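Look at the structure first, then read the points by topic.

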Amino acid sequence: MTAYSQRPLLGATLLLAAYYVLLALNGQRLGFHTPEALFLSEKSLIIWQGVGDKVAVLGLTFPVVPFFVSLPFCALFPLAGPVIASSLGMALLFFLILDDQRRLTMPLLVQVGTALSFVAHPGLLFSATSGQGTYTVLLFGYLFFRSLLTYYQSNTTYHVSMASLFLLGLVFSEVDFSWLCLFLLPLVLFISLQSLSLRGEDTLSRLGLAFNNVSLRRKLINKSLALVILLFMLPLASLFIFSLLNSVYAGDPQYFLDNPYANASVVTSQLFRQQFANYTADLVQTDTSVLISIRRLLYAPLILLSLLSVRGRSYQLLTLLSPLLLVEFLHVKDPSVPTQIEFYQIFLVLGWAGLTVIPVPRLRAVNGLAFTLLLVQIGVSGFRLLNSSYPIERSFLRDVLVLNPSRQPEAPDDDKLVQFVRQLPETTRILTDDATAYSFIARTERVRPFLLAYQQSYLSAYDNPAPFVQYILAHNTANDPQAQFSMTNTRYVDAIQRRTGRRLSLVMKSTDWSIYALTPNRTAAASLAAK
């Protein structure tokens with residue numbers, strides 16, 4: 001495709017990026033913030049504004065790829081940085097998919113259905129406007145499977161090397177995709193066997209011929225080892241080195257997975273595990289069915305066309321089925337945590353990648369069916385979000401996709417506390433625990449007043465706050481279950497008052513947060529609160 005022929009697609013990509021950004025900013029105006037986006041904003045604020053040793057924050061925050069992509073945008077727009085990054089990332093994915101479809105001269109109806117999906121698909125809109133790392137999963141997921149499928153057609157190791165790089169990005173966007181290597185291992189054997197060009201009616205007979213001949217067996221083993229090294233060595237070795245980095249700086253190789261200071265999903269996962277253990281009725285488990293893979297196929301039925309097209313080609317079929325095996329494995333591994341949205345949407349990009357293996361004449365014969373399946377995906381996605389186990393996904397349709405410019409935002413009751421912190425002098429210090437307070441800190445768009453866990457004086461201030469801080473931001477234990485994971489909750493305030501024999505003055509309070517003053521001059525604290 002020439003540069004001139006790409007201009008309309010580039011224009012459409014820029015318009016789509018602007019559409020995503022406006023939709024995301026409107027959602028923030030209405031008070032829609034995802035926990036991961038606020039987490040990335042708070043960590044970026046620490047990097048750009050914080051005082052102290054920030055090496056651990058920069059090197060251990062996970063997921064790595066969304067964090068580093070959001071970091072430069074947060075330098076200019078602290079709160080909107082992650083959603084701008086996700087909007088541009090999804091626009092880039094749109095360009096790559098449509099560029100592949102135009103280069104392969106796919107039917108116009110398929111291209112229109114794909115473009116319509118990026119404009120109206122609720123799940124894709126959530127990925128583009130939420131600021132979560134789902135967009136990097138979709139981007140690297142598409143590039144990874146596209147490279148593998150291209151390798152089967154060209155048989156050049158360049159595409160395997162590129163697939164390894166994309167798998168690296170996929171793993172550092174969502175670490176559970178590292179288990180994908182386990183289900184792709186048989187694929188290496190099938191690919192190596194195919195490259196030997198043996199005669200045989202089926203795979204098992206060709207495998208028997210290869211193992212019964214010393215020369216062929218040696219070639220098969222050498223090719224398999226080479227493919228394993230090319231495809232899996234880079235992502236797995238990088239993950240191992242990253243674990244060593246966590247062990248050196250944090251004393252725990254799984255720090256980036258288990259610690260709420262490094263990973264925003266830790267607290268949410270722990271709450272789900274508690275609810276699952278207690279069998280509370282509030283837990284909406286939509287993934288308890290045995291037929292989990294059927295749910296994914298209903299969510300992304302476009303992949304069925306690819307599966308039907310590659311029947312009889314075991315290595316391509318195994319490539320397309322490997323994510324289904326992955327989600328089944330993850331559900332068995334930890335049934336208490338509901339499936340995250342990226343493990344649904346990966347099948348959308350897998351369907352688009354699978355279209356590239358269907359011969360164009362055959363695809364033209366079923367382009368009407370492909371367009372219909374693309375429309376079905378849009379409707380099924382809306383139903384899935386309405387029945388999600390995650391409240392933030394259920395509220396997305398109500399708070400963001402209801403396009404009403406005249407609608408006034410519903411101000412949370414802690415907005416007054418946020419404004420109070422914004423008006424404090426630069427020299428003021430507030431003790432809090434950003435394991436849960438990252439959402440509050442990100443909304444203030446300033447991290448300098450806060451004394452946080454990454455700073456050396458934090459533990460000293462935690463034991464005796466008076467010499468170090470003037471205020472304590474406490475998480476209200478009675479109202480928010482996340483407060484149990486905070487070191488500075490209301491129980492901590494009560495313990496400080498009992499230990500020191502000094503009563504802290506309550507300056508302001510909301511449903512989830514309370515600000516206490518340590519200054520003996522309560523009149524000064526009250527005047528600041530009045531302002």
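The second largest pocket lies between domain 1 (5–401) and domain 2 (413–529), because both domains give residues to its lining. The model is predicted. The structure also holds 2 cavities of 30 Å³ or more.

**Second largest pocket**
- This pocket has about 280 Å³ of space.
- Its lining has 16 residues, and the closest to the centre are Ala56, Val57, Tyr255, Tyr261 and Tyr454.
- Helices H2 (35–49), H3 (55–60) and H12 (214–250) each give two or more residues to the lining.
- H3 gives the most, with 3 residues.
- By class, the lining of this pocket splits into 11 nonpolar, 2 polar and 3 charged residues.

**Largest cavity**
- The largest cavity holds about 80 Å³ of space.
- It is lined by 14 residues, with Gln28, Phe32, His33, Val83 and Ser130 the closest to its centre.
- Helix H1 (7–29) and H2 are the elements that give two or more residues to this lining.
- H1 gives the most, with 4 residues.
- The lining of the largest cavity has 8 nonpolar and 6 polar residues, with no charged residues.

**Second largest cavity**
- The volume of the second largest cavity is about 30 Å³.
- Leu148, Val160, Val188, Ile191, Leu227 and Leu231 line this cavity.
- Helix H10 (180–195) and H12 each supply at least two residues of its lining.
- The lining of the second largest cavity has 6 nonpolar residues, with no polar and no charged residues.

Conventions: Residues are numbered from 1 along each chain as its sequence is written. This is a predicted model: local features need pLDDT of at least 70, side-chain atom pairs count only at pLDDT 80 or more; totals for chains, interfaces and linings use all residues. Side-chain values use heavy atoms; hydrogens and water are left out. On a 1 Å grid over the protein atoms alone, a cavity is a set of points where a 1.4 Å probe fits but cannot get out, and a pocket is an open set with protein on both sides within 12 Å along at least five of seven lines; lining residues have an atom within 4 Å of a point. Grid points are joined across faces, edges and corners, and a volume is the space filled by probe spheres set on the points. Ala, Val, Leu, Ile, Met, Phe, Trp, Tyr, Cys and Pro count as nonpolar, Asp, Glu, Lys and Arg as charged, and the others, Gly among them, as polar. Domain bounds come from an automatic or database domain assignment.
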